[in-house]
Amino acid sequence: MMKFRFRRQGADPQREKLKQELFAFNKTVEHGFPNQPSALAFDPELRIMAIGTRSGAVKIYGAPGVEFTGLHRDTATVTQMHFLPGQGRLLTLLDDSSLHLWEIVHHNGCAHLEEALSFQPPSRPGFDCASGPLSLARVTVVLLLAAGDLAALGTEGGSVFFLDVPTLTLLEGQTLAPDDVLRSVPDDYRCGKALGPVESLQGHLRDPTKILIGYSRGLLVIWNRAAQCADRVFLGNQQLESLCWERSGNTLVSSHSDGSYAVWSAGAGGSPVTQPTVATTPYGPFPCKAINKILWRNCASGDHFIIFSGGMPRASYGDRHCVSVLRAETLVTLDFTSRIIDFFTVHSTRPEDEFDEPQALAVLLEEELVVLDLQTPGWPAVPAPYLAPLHSSAITCSAHVANVPAKLWARIVSAGEQQSPQPASSASSWPITGGRNLAQEPSQRGLLLTGHEDGTVRFWDASGVALRPLYKLSTAGLFQTDCEHADSLAQAAEDDWPPFRKVGCFDPYSDDPRLGVQKVALCKYTAQMVVAGTAGQVLVLELSDVPSEQAVSVASVDLLQDREGFTWKGHERLSPRTGPLPWPAGFQPRVLVQCLPPAAVTAVTLHAEWSLVAFGTSHGFGLFDYQRKSPVLARCTLHPNDSLAMEGPLSRVKSLKKSLRQSFRRIRKSRVSGKKRAANANSKLQEANAQLAEQACPHDVEMTPVQRRIEPRSADDSLSGVVRCLYFADTFLRDAAHHGPTMWAGTNSGSVFAYALEVPAAAAGGEKRPERAVEAVLGKEVQLMHRAPVVAIAVLDGRGRPLPEPYEASRDLAQAPDMQGGHAVLIASEEQFKVFTLPKVSAKTKFKLTAHEGCRVRKVALATFASVACEDYAETCLACLTNLGDVHVFSVPGLRPQVHYSCIRKEDISGIASCVFTRHGQGFYLISPSEFERFSLSARNITEPLCSLDISWPRDTTRTSHRLRESPKLSQANGTPGVVLAPGSRDGSPGPAHSKGADTPEPPEATLSPMSIDSATSADTTLDTTGDVTVEDVKDFLGSSEESEKNLRNLAEDEARACAILIK
């Protein structure tokens, strides 16, 4: 029977206004290292660096907090980038040979990146260039000339074209064809062979009329543009890879495909040079790989740096990724763990300076950026304030800690500094310091914790735009692994030639997959934390400011409780080391709790005030008193038919036949039940009810939508015993007159267990409680009707607010909870939210998300939303992420829907599984293995780049007014619609391309409806996340191909509509 419920007419305008002051969705910044970088550029005048990616993203970095992001219209690889020095403009070349000019423009004191012009060269013609319009083959190299006003384009056909940069138009009559160069070459060198593509173009620092051209065949030519002739010709015979012109112009160096490089003298003389001054194969005599790029930098001391990539012996070290640095007799072979994209040196570029005097070497790799200090002996690495590789080992879990106390923050920073001390003589500092960060100093410190596959937990400063690494905790030292033996063998092998030096921190290989971190929890007031892993290990750690040597207590908790008929078929437990172990300053382990069977830990929570830690696996949950180092409780949650939970995530014996059989049983069962319901339904009664409802229902009264029918889940589904959430609370469980400590546990089968705890009270003013044992008694047990997995549990006080964290109330750090009125417990399952009164556990209110919206809950958090209009007003709401990638916000405890936004693509299972909310209405999720997308649901609490850049425009620069006619440019690679200048002339008047008419003013602003335009870097990305990707996630993804195609079509239509909106 269809039910109708009538609501009050219309919406409350006061509440709608309040919603606008509380909630607003913004994707603000991308933290981490750009995914799949492909190009690099550096502006020595502005001290800014640009990185281009294979997805067409352009990211510019300066001082910490100074970031600019843009995205090309077409998803094409950025192959080259070149800054126009000092102008804040960037020329990019894509793999389709198109050129794009980007500008950093200022608006209301803040700067952002905008694409100004683009140029698509004509395709290869079928007629001669002399008789028709200019046409280009594929562009292979770009060189900026004359302060950036002119660009030389080398092509695959061997020609060099010239481009006017301010207008991006080809200059006719100045093309340098291969035949023009061959006239200056001796006849015996021609031999009927083509010169090949242009491999390199180099400009003279002091004479802008001269260009050094290198062809693939090996020919080098110094071309005089003023005289239209070749000044010098160098007859090389080895296939050319790269060129570098020494700043005085008297020396040039070429690198070749056979692993050799040659030094040529470019002094006065007219005859062609046939032999180089020096020709050497640094890692010969056996066949070597090509030297892809080479740099020559001279010093005031008289010697020089030669820096090159590649050139390694092909047979022995052909798989290494190396950059060699040679100065006088010192050679260091920098050995990286990922492919080299490009590198540059930070040195003097002023023409009046006689020497380069390189200060630093920056190497862009496929997975990280490494900067070396070349002025300090030993050439140490410079710590990066941002762009750290989040995925140095694959991220397996993450957590956010807000409002970190200043004392704990200082202790964590100090521990991190002791891990990587800098030499006292080092004058090293981060060389990329351009721009000014205009953002205010964050009012509170936020920590982002990431757990990794190699057993490490990394601490990041997530307070601002730049995600800065603070400290790294490693748990592998507590266990016996084979890594020490492998390291000793590697060290012994690397004592020989070449002189390898391991550089960088990207290390994707884990010594043992059982070390992987699954859950982390940190108490910010006592500096205690819990780290739980893949093999059932639960570590309780405490922060220490000094190194120590101590033994770690080990305890085991059997979660099966001697239940018969179950045999663990998965991996074995990790073997802990015995005896006193040395621990550096930082978080040091105190207790190791081993779950048996050693399945991956699925939930963990810590209550430092009671010295208790609770943990859960696929078999059950346990409670441990780490002050007395004794278990308190162990409860098995396995169903008798749940044999799949005994196989473990690393087992290969899962039965495909059994899973298929279970699937068909469910399908058959749902069909039979559907037929029974259809047969029993009285169609005439339904028609009568429908007609009655139409007559009684006014047209202007809003009705609740028809709810979807939700099938109850079978009790014998696989993995029904998985513990999904654990929670501690001081509340009323036994009766309404006495409150006390409780522990709550929720499982995959919709069961909720509530235990009353007897915790000895600490003495007045004392930190530690007495040594008496903690007791746990089962107080309540709730079974949800549809057996939907329980995602989260939270207790609300008499005012409907969530209870404060441990020590917050006792230390007057938060408002004390209302213990007079009746408490309530909020239980969030995958299908609905429900509030029960305590201690009776009777239903008070609920919201059926799956029935109304057709989606399932994946992540839930209680967050405080502050108003932008009134500083003293704030609301605590429930933020929820669904399996469709939407974010919903509900009021608490009324569970009324407030707002919802499209946040993550539905197909991005890993992104949804990695999402974590903060306490103040922000969130993070992985858009690639190396990048976190940060978003905000709060209208007031927004972390986004606010920066400026000092730009000096040349006086004679033609200020273009024919800007690209386009929609508001995507200011971030994630596709977030940003506030962008309307394309027009730079003096503030509207450009002619956008003028609607003399009497039609441009709209001052336009609003974009919330929509999902995700990052190009998040498309088709697989992520090795062993965290919270569940079977339901994969079912949702595989079972909705038609719906996803429809959503993508709608998304394309939304993008097309958005392109017509102009944001000013």
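Predicted model: local features only at pLDDT ≥ 70, side-chain atom pairs only at ≥ 80, totals over all residues.
1. A charge sits over a ring if NZ of Lys or CZ of Arg is within 6 Å of the ring centre and within 35 degrees of the ring normal. Lys293 lies over the face of Phe343, at 5.0 Å from the ring centre.

2. Searching the whole structure turns up 23 aromatic pairs. One of them joins Phe25 and Phe935. Their centres are 6.1 Å apart and their planes make an angle of 40°, which is a tilted arrangement. Phe25 belongs to strand S1 (residues 23-32) and Phe935 to strand S60 (residues 931-938), so this pair ties together parts that are 910 residues apart in sequence. Are these two residues buried or exposed? Both Phe25 and Phe935 are buried.

3. Next, take Phe42 and Phe344. Their ring centres are 4.6 Å apart and their planes lie at 10°, so this pair is stacked. The cut-off for stacked is planes under 30 degrees apart. Distant parts of the chain are linked here too: Phe42 is in strand S2 (residues 37-43), Phe344 is in strand S26 (residues 340-346), and 302 residues separate them.

4. How buried is the stacked pair? Phe42 has 15% relative accessibility and therefore counts as buried. Phe344 is buried as well, with a relative accessible area of 11%. Buried means under 20%.

5. Turn to helix H5, residues 406-419. H5 has 14 residues. From first C-alpha to last, H5 reaches 20 Å, close to the 20 Å expected at 1.5 Å a residue.

6. Which residues of H5 are buried? They are Leu408, Trp409, Ile412, Val413, Ala415 and Gly416. Seen down the axis of H5, the buried residues fall within an arc of 160°, so they line one face of the helix. An α-helix has 3.6 residues a turn, so residues three or four places apart point the same way.

7. The face of H5 turned away from the buried side carries exposed residues: Ala406, Lys407 and Glu417. What covers the buried residues of H5? The cover includes strands S31 (447-452), S32 (456-461), S33 (468-474), S37 (537-544) and S41 (586-596).

Terms used. Residues numbered from 1 in each chain as written. Heavy atoms only, no water. Helix = DSSP H or I, 4+ residues; strand = E, 2+ residues; numbered from the N terminus. Expected span 1.5 Å × (residues − 1). Buried < 20%, exposed > 50% of the residue type's maximum accessible area, 1.4 Å probe, protein only. Arc of directions from axis to C-beta. Contact = heavy atoms within 4.5 Å. Phe/Tyr/Trp six-rings, centres within 6.5 Å; stacked < 30°, edge-to-face > 60°.
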